[in-house]
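Please read it alongside the structure.

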Amino acid sequence: MVDEERQWFKSRQGMEIQETPREYSFCAHAILNPNEPFIVPAARYDERFHDNPLTRGEPNIAFYAGVPVKGCGHALDSLCVIGNRPRELAEQKIESLKALAKLVNVYMELRRQNSNWIKAGMSFNRLSH
């Protein structure tokens, strides 16, 4: 997730860091175009990221692919995969990442609606019985 000052990782595997300043964020770039995946096949050679501390040191990001996740019509964060070696991502895998991001969007919207129902004194669980 990305806010004005930082990015933090809601879920991560194989990465020790939990958050970074926004200025180092690959995801901050991904949310700029909320309808397109953002792919960096070789971060060490990309003008935007070659001197980024996340590329030059831990976690040694060499590859990034992210799809924006939206909430209330705005890109809030991205569902992404990163790697420590450059690579190209097959179209099928890009489509899979988009599908997963859509599922996250649906989940976030359902949570928002349930929160509104709870504030109104109702809940999804009570409505389903």
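1. Leaving aside neighbours within four places in sequence, F49 is in contact (heavy atoms within 4.5 Å) with S25, F26, H29, F38, V40, A43 and T55. The model is predicted: local features need pLDDT of at least 70, side-chain atom pairs count only at pLDDT 80 or more, and totals for chains, interfaces and linings use all residues. Residues are numbered from 1 along each chain as its sequence is written, and side-chain values use heavy atoms, with hydrogens and water left out.

2. F49 also belongs to the largest nonpolar core, which has 14 residues. A nonpolar core here is a set of buried Ala, Val, Leu, Ile, Met, Phe, Trp, Tyr and Cys residues joined through side-chain atoms within 4.5 Å; buried means under 20% relative accessible area (1.4 Å probe, protein chains only). The members touching the most others are V2, F26, F38, V40, A43, F49 and Y64. Two or more residues each come from α1 (27–30) and β3 (38–40), and α1 gives the largest share, 3 residues.

3. Apart from this core lies another, of 8 residues, including F63, L89, I94 and A101.

4. The chain has 4 helices and 5 strands, taken as DSSP runs (helices H or I, at least four residues; strands E, at least two) numbered from the N terminus. Their order along the sequence is β-β-α-β-α-β-β-α-α.

5. Of the 129 residues in the chain, 30% are buried. The C-alpha trace spans about 55 × 30 × 25 Å along its principal axes. Among contacts between residues at least 6 apart in sequence, 42% join residues at least 24 apart.

Conventions. Buried means under 20% relative accessible area, exposed over 50%, partly exposed in between (1.4 Å probe, protein chains only).
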